[in-house]
Amino acid sequence: MSFEVTILGSGAALPTSNRNPTSQYVQCNDRHILIDCGEGTQVQLRRNQVHIQKINHILISHLHGDHFFGLVGLLSTLHLLGRDKGLTIYGPEELEQIIRFQLEVGGARLGFELNFIPLNGKEHRLLFEDKLIEIWTFPLSHRVPTNGFLIKEKQKERKLNADRFEEAGLSLTLIPKLKQGLDIELESGETIHADEYTYSAKPSKSYGYCSDTIFDERIVEYIRNVDVLYHEATFLNDKLDRAKQTFHSTAEQAATIAKQAEVGKLLLGHLSARYDTGLKHFEEASAVFENVSVVEDGETYHI
């Protein structure tokens with residue numbers, strides 16, 4: 001089981017020679033998730049050797065072009081490569097109309113089903129869950145309705161102490177409950193304690209994604225204690241007025257959110273094309289929150 005994030009695009013509205021528009025690929029316990037899909041995302045997926053047919057969830061934060069202009073191209077490529085497995089896309093409700101219209105006017109008929117789940121940028125709710133992971137959305141504050149996302153592992157099972165279990169001669173039917181941490185009373189009246197026959201489960205991990213947003217402390221409750229937080233940092237603090245005007249954040253503000261939420265690590269991205277490097281973003285954020293990285297295209301972070 002693994003949980004990792006690959007940065008496909010780390011720039012803001014204007015692509016540069018070093019930074020593509022926003023997109024990230026998340027692999028969590030063999031669940032394959034694409035977050036945002038700026039122009040050029042499918043090229044970045046190939047460049048980073050991602051098996052694109054494994055992607056089964058696409059999360060689109062909002063309808064600014066640098067976050068979704070690459071989507072129709074990716075869908076067309078999946079079709080040309082013979083995809084026949086359905087794909088679920090979560091995003092603003094107008095997204096379905098936009099994508100289906102683009103496909104229709106181009107005469108494209110996909111060989112797989114698209115399932116659109118509308119988001120309104122106002123709700124904190126569970127979008128998907130199975131036995132291993134959950135995907136949540138929460139509201140951000142931007143010029144258009146915008147969604148943040150939280151991907152988290154479910155509570156893991158305890159690990160069986162096989163030697164002790166075998167020594168005790170217990171029935172194999174008890175294993176599932178013991179792994180869940182449940183004590184079991186036998187017909188004889190004896191109680192089998194889970195902590196005596198199992199080891200503690202590994203801690204579950206979580207990843208929070210804050211796309212375009214003005215500084216807004218209300219999001220802290222949704223991302224509190226996440227292991228890794230990605231937060232946009234389009235500007236430095238000397239452009240604070242510009243950040244407010246465009247409903248974006250500075251590196252210092254992103255670090256302030258990370259500190260208040262007591263996250264494990266902060267990733268900064270969505271850098272304006274005016275910045276050649278992320279060094280000053282790192283310095284500004286590090287003065288507030290210690291564990292900071294400024295992301296670059298092609299980097300992978302293990303959660």
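## Salt bridges

A salt bridge here is a side-chain nitrogen of Lys or Arg within 4 Å of a carboxyl oxygen of Asp or Glu. Glu296 and Arg19 make one of these with their side chains, at 3.0 Å from N to O. Keep in mind that the model is predicted.

As for solvent, Glu296 comes out as partly exposed, at 29% relative accessibility. Arg19 is buried, at 5%.

## A pair within helix H3

Now for a bridge inside a helix. Arg100 pairs up with Glu96, and their closest N and O atoms are 2.9 Å apart. Both belong to helix H3 (residues 94–105), and because they are 4 residues apart there, about one helical turn separates them.

How accessible are the two partners? Arg100 is partly exposed at 36% relative accessibility, and Glu96 is also partly exposed, with a relative accessible area of 31%.

## Arg218 and Asp216

Arg218 has a salt bridge too, this time with Asp216, and the closest N and O atoms are 2.9 Å apart. Which side of the exposure cut-offs does each one fall on? Arg218 has a relative accessible area of 58%, so it counts as exposed, since the exposed label needs over 50%. Asp216 is at 11% relative accessibility and therefore counts as buried, the cut-off for that being under 20%.

## His64 in its loop

Moving on to a histidine: His64 is found in the loop between strand S4 (57–59) and helix H2 (71–80). Is His64 buried or exposed? With a relative accessible area of 18%, His64 is buried, because anything under 20% gets that label.

What does His64 touch, once neighbours within four places in sequence are set aside? The contacts are His142, Arg143 and Val144.

## Helix H9 and its cover

Helix H9 spans residues 251–261, and its buried residues are Ala251, Gln253, Ala254, Ala255, Ile257, Ala258 and Ala261.

One backbone detail is worth a look when you have the model open. Just after H9, Glu262 takes a positive phi of about 55 degrees.

How values were computed:
Residues numbered from 1 in each chain as written. Predicted model: local features only at pLDDT ≥ 70, side-chain atom pairs only at ≥ 80, totals over all residues. Heavy atoms only, no water. Helix = DSSP H or I, 4+ residues; strand = E, 2+ residues; numbered from the N terminus. Buried < 20%, exposed > 50% of the residue type's maximum accessible area, 1.4 Å probe, protein only. Contact = heavy atoms within 4.5 Å.
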